[in-house]
Amino acid sequence: MTAARQGAPGFSLGRFADVILPKLVITPTVIACLVGFYGFIGWTAWLSFTESRMLPKYEWAGLVQYQALFANERWWASMQNLAVFGLLFIFVSLAVGLIMAVLLDQKIRFEGALRTIYLYPMALSFIVTGTAWKWILNPGLGIEKLAHDWGFSGFVFDWIVNPDYAIYTVVIAGVWQSSGFVMALFLAGLRGIDDSIIKAAQVDGASLPTIYARIIVPSLRPVFLSAFMILAHIAVKSFDLVMALTGGGPGFATDLPSIFMYQHSFTRGQLGLGAASAMMMLFTACAVVMPFLYSELRRERRG
Amino acid sequence: MADLAHASSARGGAGFGRYVIYAILVLMALWYLAPLYVMLSTSFKTLDEIRAGNLLSLPGAFNLDAWRTAWGSACTGVDCNGVGGYFSNSLKMVIPAVLISTLVGAFNGYVLSKWRFRGSDAFFMALLIGTFLPFQVVILPMAQVLGMAGIESSTGRLVLVHVIYGLQFTTLFFRNYYVTVPDELVKAARIDGAGFFRIFFKILLPISIPTVGVCIIWQTTQIWNDFLFGVVFSSGEGQPMTVALNNLVNTSTGVKQYNVDMAAAIIAALPTLFVYVVGGKYFVRGLTAGAVKG
């Protein structure tokens with residue numbers, strides 16, 4: 001940026017290479033970002049203010065789609081499901097991930113092998129995860145039958161086909177997939193903590209649980225934030241897992257906004273309503289992620 | 001590096017506590033492995049064995065019929081040609097999409113760290129925010145644009161879409177790495193008369209091979225595992241593997257062949273599992289780097 005100024009003013013090969021070339025190289029990405037993200041968000045927003053059904057229409061119609069959306073019981077059911085699934089998924093994944101990271105941090109033999117086992121689900125597609133768990137949770141052939149074979153003949157585990165509990169099966173599969181990754185984040189955070197603080201605390205006679213509770217876990221705050229953001233992001237956009245596991249059913253018991261959006265936009269010919277629900281998903285994601293992103297960035301500037 | 005481990009083993013060191021820790025860790029390992037075991041053993045069973053046995057029972061003999069059916073003749077929706085064709089669709093989509101997005105991301109990271117211009121930081125910020133968007137908010141216009149652009153092939157569409165929405169991550173990885181490379185390196189090269197591309201190919205790219213690895217692993221898993229773009233932007237025989245698997249598993253016609261479902265699921269998982277096993281260390285590093293930064 002500074003060395004570029006030496007050349008003669010006006011056009012020269014050096015000036016082209018130093019000033020124009022870098023911008024030329026990054027231009028396609030700038031266009032992709034401005035059009036593919038921000039432009040398309042605007043476009044979706046516009047669609048959400050029209051009466052588009054099978055085909056997009058571009059005449060302004062005000063808030064009709066949002067009124068329809070807010071009057072739609074299925075939408076509220078899907079938002080409620082998202083709240084239940086999201087909160088449990090985030091909380092359980094964080095808890096399991098943290099506990100496992102702390103345990104793995106105790107100078108464990110075979111740590112590498114265990115870590116590999118905990119992490120491999122992250123490499124799988126949610127479609128694969130959903131397929132596997134659909135089979136395991138199948139009441140006729142899965143865990144329920146296993147318990148019967150073991151002699152617990154009264155055992156019932158039919159959550160996946162029970163509208164009251166089906167959403168919890170999504171939590172089970174989601175946690176299975178993501179908690180190992182949270183563990184890896186926490187483990188990296190634990191390894192990055194300065195030993196001298198811990199040694200000092202030990203000299204002062206603090207017990208290991210106290211050291212964890214008072215010093216180590218609080219200093220993992222940034223990791224908590226990152227993990228929270230990622231899990232919240234996964235929860236809001238969760239689509240494939242539910243599609244493969246329950247297809248949104250039984251009934252609409254595991255319907256999520258992402259499925260609502262997909263079905264109204266692509267199978268029910270309700271583009272306007274689909275766009276409005278997509279905008280609400282965007283707002284939900286922003287509401288969750290922005291405060292954390294903001295505090296993160298502010299700290300980065302200060303530090 | 002953390003002598004915390006030392007400290008803790010000295011503390012909680014002896015006896016009972018250690019056994020409890022190991023017991024919990026092993027139980028957790030079994031819980032993570034259980035679905036893989038169940039998938040594998042089910043895929044080798046016959047349907048009769050599945051009905052007679054249970055989840056954990058071993059297959060009587062190694063029966064590869066389910067795998068053959070899954071690959072060549074299982075019904076995914078209307079047609080019954082197995083998932084083999086869809087598997088190669090995914091390959092044809094993943095390879096170009098990963099290579100293009102990685103190369104362009106490397107150039108972007110180079111520009112954003114070593115050739116900053118007015119607005120480059122703001123642009124980087126705009127790109128960073130993009131990593132958190134739910135893609136539902138862009139798929140309707142994307143479908144319109146792809147329709148207008150007249151790209152008929154499903155593979156072409158998916159490569160384009162995956163490159164566009166993968167650039168944010170690849171740019172992020174490379175930018176965050178190149179920021180740590182001293183500017184003096186670039187300045188010295190320029191005094192010696194090296195230009196934009198020469199500096200990139202001769203100096204920066206060679207020292208960023210680990211980042212290239214992280215990027216390729218990340219993009220491969222993301223693109224191979226994608227379902228939303230696949231189901232929206234492809235159709236018929238051009239669909240990727242994840243969509244075919246979902247169609248197969250959720251087909252309601254005929255007798256449910258669980259062994260075939262499981263074989264197909266493993267086929268769908270193999271490439272990313274392979275990448276994970278081969279590039280394991282980088283995979284973790286890539287995930288955590290991508291996560292912590294953003």
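The second largest cavity in this structure has a volume of about 50 Å³, and the model in which it is found is a predicted one. A search of the whole structure finds 5 cavities of 30 Å³ or more. The points below take up this cavity and then the interface of chain B and chain A.

**The second largest cavity**

- The lining draws on both chains, with Leu282(A), Ala285(A), Cys286(A), Val289(A) and Met290(A) on one side of the list and Ile129(B), Phe132(B), Leu133(B) and Pro134(B) on the other.
- Helix 13 of chain A, which runs over residues 271-302, gives the most to this lining, with 5 residues.
- Sorted by class, the lining of the second largest cavity holds 9 nonpolar residues, with no polar and no charged residues.

**Extent of the interface**

- Chain B brings 94 residues to the contact, and chain A brings 107 residues.
- Between them, chain B and chain A bury about 9000 Å², and 76% of this area lies on carbon and sulfur atoms.

**Polar pairs and composition**

- Across the interface of chain B and chain A there are 25 residue pairs in polar contact, counted where both residues are at pLDDT 80 or more, while the count of salt bridges between chain B and chain A is 0.
- On the side of chain B that touches chain A, the most is given by helix 2 of chain B (residues 16-43), with 15 residues.
- That side of chain B comprises 68 nonpolar, 18 polar and 8 charged residues.

Conventions:
Residues are numbered from 1 along each chain as its sequence is written. Chains are lettered from A and ligands numbered from 1 in the order in which they are written. This is a predicted model: local features need pLDDT of at least 70, side-chain atom pairs count only at pLDDT 80 or more; totals for chains, interfaces and linings use all residues. Side-chain values use heavy atoms; hydrogens and water are left out. Contact means heavy atoms within 4.5 Å. Buried area is the accessible area (1.4 Å probe) that two parts lose on being put together, summed over both. A salt bridge is a side-chain nitrogen of Lys or Arg within 4 Å of a carboxyl oxygen of Asp or Glu. A polar contact is a pair of N or O atoms within 3.5 Å; within protein, one must be able to donate a hydrogen and the other to accept it, and residues adjacent in sequence count only if both atoms are side-chain atoms. Helices (H or I, at least four residues) and strands (E, at least two) are DSSP runs, numbered from the N terminus. Ala, Val, Leu, Ile, Met, Phe, Trp, Tyr, Cys and Pro count as nonpolar, Asp, Glu, Lys and Arg as charged, and the others, Gly among them, as polar. On a 1 Å grid over the protein atoms alone, a cavity is a set of points where a 1.4 Å probe fits but cannot get out, and a pocket is an open set with protein on both sides within 12 Å along at least five of seven lines; lining residues have an atom within 4 Å of a point. Grid points are joined across faces, edges and corners, and a volume is the space filled by probe spheres set on the points.
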